[in-house]
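Open the model in your viewer and keep the selection panel handy. We'll go one stop at a time.

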Amino acid sequence: MQTEKISVRVTQSGQIMDVVVYDKRVDHITVVIGEGAHSMKCELTPTRTGQAYAGSVMGRELVYEHSRAQVQADLDRDNPALRQSTRRKT
């Protein structure tokens, strides 16, 4: 299985960081910052407008500049079986 990485922006400094995606859903994205014993998880949730995901870790705000629609498209592309209906046909 390949590790997915996304780029997030630290709002205070404007620095772009690549972080590892731990869990990705439309309603939240959990990322891991750092490696080894010093790694930390951060949950990014959609902003009020739905145009980005934001979260904070150790007092630093992180922003993933993708909309909910873009994340849903990524999920659909990566796993098309999730898109299919699970209802039983009668």
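How many strands make up the closed barrel, and in what order do they run? There are 6, running β1-β2-β3-β4-β5-β6 with antiparallel pairing; two strands pair if DSSP finds at least two bridges between them. Neighbouring strands here are turned by 40° against each other on average, direction ignored.

A bit of housekeeping: this is a predicted model, with local features needing pLDDT of at least 70 and side-chain atom pairs counting only at pLDDT 80 or more, while totals for chains, interfaces and linings use all residues. Residues are numbered from 1 along each chain as its sequence is written, and side-chain values use heavy atoms, leaving out hydrogens and water.

Next, select 16–24 and 29–33: these are β2 and β3, which pair in the antiparallel sense over 4 bridges. Zoom in on Asp23 and you'll find it opposite Thr30 in β3.

Now pick residues 68–78. This is helix α1, lying across β2, β3, β4, β5 and β6, at about 60° to β2 (axes are lines fitted to C-alpha atoms, for helices over the stretch in contact, with angles from 0 to 180 degrees between N-to-C directions).

Then show Ile6, Ile29, Val31, Leu44, Leu62 and Tyr64: of the 17 residues in the largest nonpolar core, these touch the most other members. Such a core is a set of buried (under 20% relative accessible area, 1.4 Å probe, protein chains only) Ala, Val, Leu, Ile, Met, Phe, Trp, Tyr and Cys residues joined through side-chain atoms within 4.5 Å.

Last stop, Ile6: leaving aside neighbours within four places in sequence, its contacts (heavy atoms within 4.5 Å) include Met17, Val19, Ile29 and Tyr64.

Conventions:
Helix = DSSP H or I, 4+ residues; strand = E, 2+ residues; numbered from the N terminus. Buried < 20%, exposed > 50% of the residue type's maximum accessible area, 1.4 Å probe, protein only.
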